[in-house]
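Reader: Before we start, I would like to learn how such a model is read, feature by feature, with the cut-offs stated as we go.

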Amino acid sequence: MVLNLLLPLAGLLAAALLWAAGAGWLAGVTPVASAFAPLATGEALLQLVHGRDLWEHVWLSLQRVAVGLLIALVLGVPLGVLTGLSAGFSRATTPLFQFARMISPLSWMPIAVMVLGVGDAPVYFLLAFAAVWPILLNTAAGVAQLDPNWLLLARSLSATRRETILRVILPGITAHILTGVRLAIGIIWIVLVPAEMLGVSAGLGYFILDARDRLAYSDLMAAILVIGALGYLLDHAARSLHRRWLHA
Amino acid sequence: MNAPAVAPSVLAPAPASEAVLAARDLSFAHPGIGTVFEGVSLSIRRREIVALLGSSGCGKSTLLRVLAGLAQPAHGEVRFLDAPLAEPHPRSALVFQQPSLLPWLKLADNVGFGLDFAHQPRSDGAARQARVAAALEAVGLAGREAAYPAQLSGGMAQRAALARALAREPELLFADEPFSALDAITRAEMQALLVDVVHRWHSAVLLVTHDIDEALLVADRILLMGGSPGRVLREWTVDLPHPRDAHPEALTALRLAILGALRHSS
């Protein structure tokens with residue numbers, strides 16, 4: 001139990017030491033690198049955390065995550081249900097989906113900006129495009145793995161179509177949808193930062209570029225830490241949502 | 001307790017008022033596979049436990065589905081409580097080999113699942129709760145209402161599935177190999193429990209099984225199904241009081257008769 005707590009801490013501490021050593025060595029080569037060191041980063045982080053600026057960027061980024069995820073859910077769940085229910089639709093679309101899924105969403109960025117203009121719209125598009133695949137594919141898998149006895153049970157109760165969908169099918173695939181959401185959040189979080197580096201004037205990705213332009217390298221490192229920590233928390237939240245639903 | 005061989009065609013259905021279920025000259029064909037069974041006539045009286053015994057793949061599970069109104073026969077008619085059956089009857093219930101509980105619902109909600117559906121007989125919430133409580137009590141799961149299926153053992157989950165069927169206060173309980181996934185000790189417990197609760201609920205049972213001993217321990221009547229396409233080959237009445245294991249000689253004699261008929265039919 002204590003070991004369960006101590007080992008991850010030891011791992012983090014070792015990484016911090018390596019980080020300090022690396023920054024120290026690099027500072028010998030380029031003096032500016034001393035701004036990357038753990039202590040300087042820590043100081044910058046403290047200042048950022050106490051200010052308002054960082055939180056505004058964080059808030060905007062989280063809003064974009066939510067919007068992107070929502071669009072992905074609205075598109076991915078119905079398409080996933082259709083894919084899971086209809087063998088014909090599944091066969092017709094599987095190659096297309098597998099193909100589209102493997103394209104880095106960022107490669108759409110120039111086209112997205114051209115079509116949707118500068119601003120939030122292309123970011124939403126990129127995030128939704130990145131997140132829709134795991135949600136779609138997991139929803140389809142969930143439909144395919146529904147216990148046939150559940151449907152038989154519903155039929156033995158003369159359930160209406162609506163009762164079957166709302167009381168059996170949707171709750172029955174929710175665990176799979178939540179798995180898809182967890183994967184989607186991971187992907188969205190990774191795509192978010194580069195997506196925010198173009199055409200927007202706020203958000204964590206913008207903050208990184210802005211810190212670079214201001215030569216505020218300690219702020220830049222601090223932002224990287226914040227991005228990692230928020231991503232960790234988002235993933236943790238998605239995991240516990242999944243666990244709570246399954247009551248496992 | 002003698003075991004007369006009865007040709008399927010002369011299996012006299014019980015008087016209409018007595019029979020929960022009466023099927024006449026049923027046949028069923030799967031597209032691509034062919035005729036699964038044909039010429040099946042049988043009846044189940046109120047409170048009677050009937051075992052449909054047969055080897056795997058003889059069509060007995062398909063027959064159960066047709067009798068339960070989950071599939072339509074190619075030929076013949078099923079009557080439930082003296083009315084033609086076109087869809088599952090509200091006074092019938094199903095138990096499967098797997099408990100198939102809904103993992104997102106608490107035990108009490110699993111047991112009460114579907115009682116509020118549009119095509120179920122109207123009942124208010126308090127009455128439904130009372131039925132759920134009585135069913136959970138009967139299967140020994142009182143006090144576990146708030147548990148989730150993932151927290152139950154296999155035997156407990158199957159008890160819950162039985163409670164779910166009881167909560168519908170069925171005239172007839174369809175059970176498709178309900179205990180074959182359980183270990184031997186749990187299975188024996190569940191067999192005794194089944195007999196106990198259906199007697200208290202005044203339900204009839206159609207038990208599909210491939211286990212001769214299970215049929216002998218549980219059923220009032222045993223129908224042997226076999227052949228290709230499947231038919232009801234023989235029928236035995238088991239006129240022994242419960243618990244049956246107090247009468248080993250009589251059971252052994254019947255067991256040998258069934259085994260003999262099985263050898264004969266294959």
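Reader: How many bridges join strand 1 of chain B to strand 4 of chain B, and in which sense do they run?

Author: Two strands pair if DSSP finds at least two bridges between them, and strands (E, at least two residues) and helices (H or I, at least four) are DSSP runs, numbered from the N terminus. Here five bridges join strand 1 of chain B to strand 4 (residues 75-80) of chain B, and the two run antiparallel; within this pairing, B:L21 stands opposite B:F80. A word on provenance: this is a predicted model, in which local features need pLDDT of at least 70 and side-chain atom pairs count only at pLDDT 80 or more, whereas totals for chains, interfaces and linings use all residues. Residues are numbered from 1 along each chain as its sequence is written, while chains are lettered from A and ligands numbered from 1 in the order in which they are written.

Reader: How many residues lie between strand 1 of chain B and strand 2 of chain B in their hairpin?

Author: Three residues lie between these strands, and B:G32 in the turn has a positive phi of about 90 degrees. The pairing of strand 1 (residues 19-30) with strand 2 (residues 34-45) of chain B is antiparallel over eight bridges, and B:A29 has B:T35 in strand 2 as its bridge partner.

Reader: How many helices and strands does chain B have, and what is its radius of gyration?

Author: The secondary structure of chain B comes to seven helices and ten strands. The radius of gyration is taken over C-alpha atoms, and the globule rule is 2.2 Å times the number of residues to the power 0.38. For chain B the radius is 18 Å, close to the 18 Å that the rule gives for 266 residues, so the chain is as compact as a globular protein of that length. Along the principal axes, its C-alpha atoms fill a box of roughly 50 × 40 × 40 Å.

Reader: Which domains does the assignment give for chain B?

Author: Domain bounds come from an automatic or database domain assignment, which for chain B gives domain 1 (8-91 + 170-265) and domain 2 (106-169). Their C-alpha centres lie 25 Å apart. Two residues are in contact if their C-beta atoms, placed from the backbone, lie within 7 Å, and on that basis the contact takes 14 residues from domain 1 and twelve residues from domain 2 of chain B. On the domain 1 side, the largest share, seven residues, comes from helix 5 (residues 184-201) of chain B.

Reader: Which residues touch the most other members of the largest nonpolar core?

Author: A nonpolar core is a set of buried Ala, Val, Leu, Ile, Met, Phe, Trp, Tyr and Cys residues joined through C-beta atoms within 7 Å; a residue is buried if 20 or more other C-beta atoms lie within 10 Å of its own, exposed if 12 or fewer, and partly exposed in between. Of the 134 residues in the largest such core, A:L127, A:I188, B:L206 and B:L207 touch the most other members. The largest share of this core, 15 residues, comes from helix 6 (residues 120-144) of chain A. Domain 1 and domain 2 of chain B both give residues to the core, so it lies between them.

Reader: Is A:A21 buried or exposed?

Author: A:A21, in helix 1 (residues 2-29) of chain A, counts as exposed, because it has 11 C-beta neighbours inside 10 Å.
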